[in-house]
Amino acid sequence: MNESLTATLALAPEDLFALLPPNRVGDTDRRYMNEVLDAGFRNTVDPASIHQRLEAAFAKRFGAGYAIQHNSGTGTMHTCLLAAGIGPGDEVIVPPLTAVSTAVVVVQCGAVPVFADIDPQTYNINPTDIARKITPHTKAIIPVALYGLPPDYDAIMALAETHGLVVIEDNAECFLSTYKGRMVGTIGHAASYSFQASKHMTSGGDGGMVITNDKEYAKNIRKRGALGFRTLGASPGDTFVPRDVRQDYEFERHDVMGYNYRMSAVQAALALAQVERLDALVAARIYIANRYAEVIQEEGCDWLVTPYIPEGSTHSYWTYVCRLDTERAGISWRDFRSAFIENGGDGLYSAWRPVHLEPVFRDLAFYGRPEQAPNFDPRYQGKVKSYQAGDCPICESVQPFLCQFKTSMQTLERVEGQVDALRKTIRQIKSST
């Protein structure tokens, strides 16, 4: 674990939560936003803009060579795939237990998502099943660090090297975790982060960042996320074109197709403030996860299976996820959720439906008709023509029993309220069996 996060974790709970604004927006956030507003947004074209400062700060914090901001954590993965040359005829391996974006971006490139099953203990993508799913058409893997826990990167990167595949880390839920002493985000060829409102840090509801150590890849990612402007570069905030160049009638702007995934200056201001307190934001979630774990242990609850963390990995707990053993508990998932809410719990989220079973994939509802799916493009010579139950049996068997407890509380009072609700719920269920 990195030194600054370790030091923050060592703080007393009162001191840790004193670093966090109760409503997620503090004085620094407002100061940076006011800089943008007072400048009338003109600092968006300045080489030393708020964009440059955010990208430089994010790259430094994660130990990466380059950081490229986006308007979402979906756009981030899309541009990474496009910049890697992924297109029609290609396959990209993704996990089934994740937000739908991880697979949708593959379809947006005209390529075919291939789902590899999960590990039953970590719930992350299983390298053994990745190996089974690799074909001559496979060009990339998008492993997800689910809930804040890194997948088995050694095995994944070994497969990628053997088969010449690009690895794009989906770290939407994983900030500052480490894998065998390495910062998650610096292991694959690029890494995608989400700033959506529920994540460890946010830029006002949505936003995202890509990091990479490859200068040419970074440049191409930026171009793919900014309408394919020819003159863009890899360095922080490298979107500035001298006025005499950009105003000339012979200036050729676009040399590749790109999308408009640029982040606004206001978003960048909020994100910069949150990067500066990222250690505290992550440490608070780890503290909250540990409090849930303490309650489960203290109450002798053997029917909530707590997260498994492999040796050499650290967990940043986007949520605290347990598997409910309904037979031992003598209660269904829905009844457990109802009891938790009745005892003061602030809701209880299930895991997403396995992506391959969502109607959009099950029915190939990507475009106007199913036969227009990339799976039926004449350039695609692979065998994946449908998605159905049984494709990922481990994921399908585990998903209905996962319980996601919130870790996003910004005050100790709110933390103790949720922890107490879990304790009351466990005692209530134990007393009724």
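Mentor: Contact means heavy atoms within 4.5 Å. Keep that cut-off in mind for this predicted model.

Trainee: Which residues are in contact with Asn-343, leaving aside its neighbours within four places in sequence?

Mentor: Ala-421, Lys-424, Thr-425 and Gln-428. Asn-343 itself is found in the loop between α14 and α15.

Trainee: What makes the link between the side chains of Asn-343 and Gln-428 a polar contact?

Mentor: The distance is 2.9 Å. The limit for a pair of N or O atoms is 3.5 Å, with one able to donate a hydrogen and the other to accept it. The Asn-343 and Gln-428 side chains therefore qualify as a polar contact.

Trainee: Now Arg-230. Where is its place?

Mentor: In the loop between α9 and α10.

Trainee: What class does Arg-230 get at 34% relative accessibility, and why?

Mentor: Buried needs under 20%, exposed needs over 50%. A value of 34% falls in between, so Arg-230 counts as partly exposed.

Trainee: What does Arg-230 touch, not counting residues up to four places away in sequence?

Mentor: Lys-223, Phe-251, Glu-252, Arg-253, His-254 and Asp-255.

Trainee: Which residues of helix α9 are buried?

Mentor: Tyr-217, Ala-218, Ile-221, Arg-222, Lys-223 and Arg-224. Their cover includes the helices α4 and α5 and the strands β1, β5, β8 and β9.

Trainee: What happens at the start of α9?

Mentor: A side-chain oxygen of Asp-214 comes to within 3.1 Å of the backbone nitrogen of Glu-216.

Trainee: Take Thr-102 in helix α6. Why is it called buried or exposed?

Mentor: Its relative accessibility is 1%. The limit for buried is 20%, so Thr-102 counts as buried.

Trainee: What does Thr-102 touch, not counting residues up to four places away in sequence?

Mentor: Met-77, Val-94, Pro-95, Ile-142, Val-144 and Asp-170.

Trainee: What makes β2 and β3 a pair, and in which sense?

Mentor: A pair needs at least two bridges. β2 and β3 have four, in the parallel sense. One example is Glu-91, whose bridge partner in β3 is Val-112.

Trainee: What is the order of the open sheet of three strands?

Mentor: β10-β11-β12, with antiparallel pairing.

Trainee: Why do β10 and β12 stand at the edges?

Mentor: Each has a single partner strand, so one side of β10 and one side of β12 are left without a neighbour in the sheet. Helix α12 packs on this sheet and touches β10, β11 and β12. The α12 direction makes about 30° with that of β11.

Trainee: How many bridges hold the pairing of β11 and β12?

Mentor: Five, in the antiparallel sense. In one of them, Val-321 has Gln-404 of β12 as its partner.

Trainee: Which helix lies across β10, β11 and β12, running at about 20° to β12?

Mentor: Helix α14, residues 333-342.

Trainee: Zoom out. How many helices and strands does the protein have?

Mentor: There are 17 helices and twelve strands.

Trainee: Why is the protein called as compact as a globular protein of that length?

Mentor: Its radius of gyration is 22 Å. The globule rule gives 22 Å for 433 residues, so the value is close to the rule and the description holds. The C-alpha trace spans about 80 × 55 × 40 Å along its principal axes. Of the 433 residues, 55% are buried.

Trainee: What share of contacts between residues at least 6 apart in sequence join residues at least 24 apart?

Mentor: The share is 72%.

Trainee: Which elements have the lowest and highest mean pLDDT?

Mentor: Helix α10 has the lowest, 84, and strand β2 the highest, 99. The protein's mean is 96, with 98% of residues at 70 or more.

Key:
Residues are numbered from 1 along each chain as its sequence is written. Side-chain values use heavy atoms; hydrogens and water are left out. Helices (H or I, at least four residues) and strands (E, at least two) are DSSP runs, numbered from the N terminus. Axes are lines fitted to C-alpha atoms, for helices over the stretch in contact, and angles run from 0 to 180 degrees between N-to-C directions. Buried means under 20% relative accessible area, exposed over 50%, partly exposed in between (1.4 Å probe, protein chains only). pLDDT is the predictor's confidence in each residue, from 0 to 100. The radius of gyration is taken over C-alpha atoms; the globule rule is 2.2 Å times the number of residues to the power 0.38.
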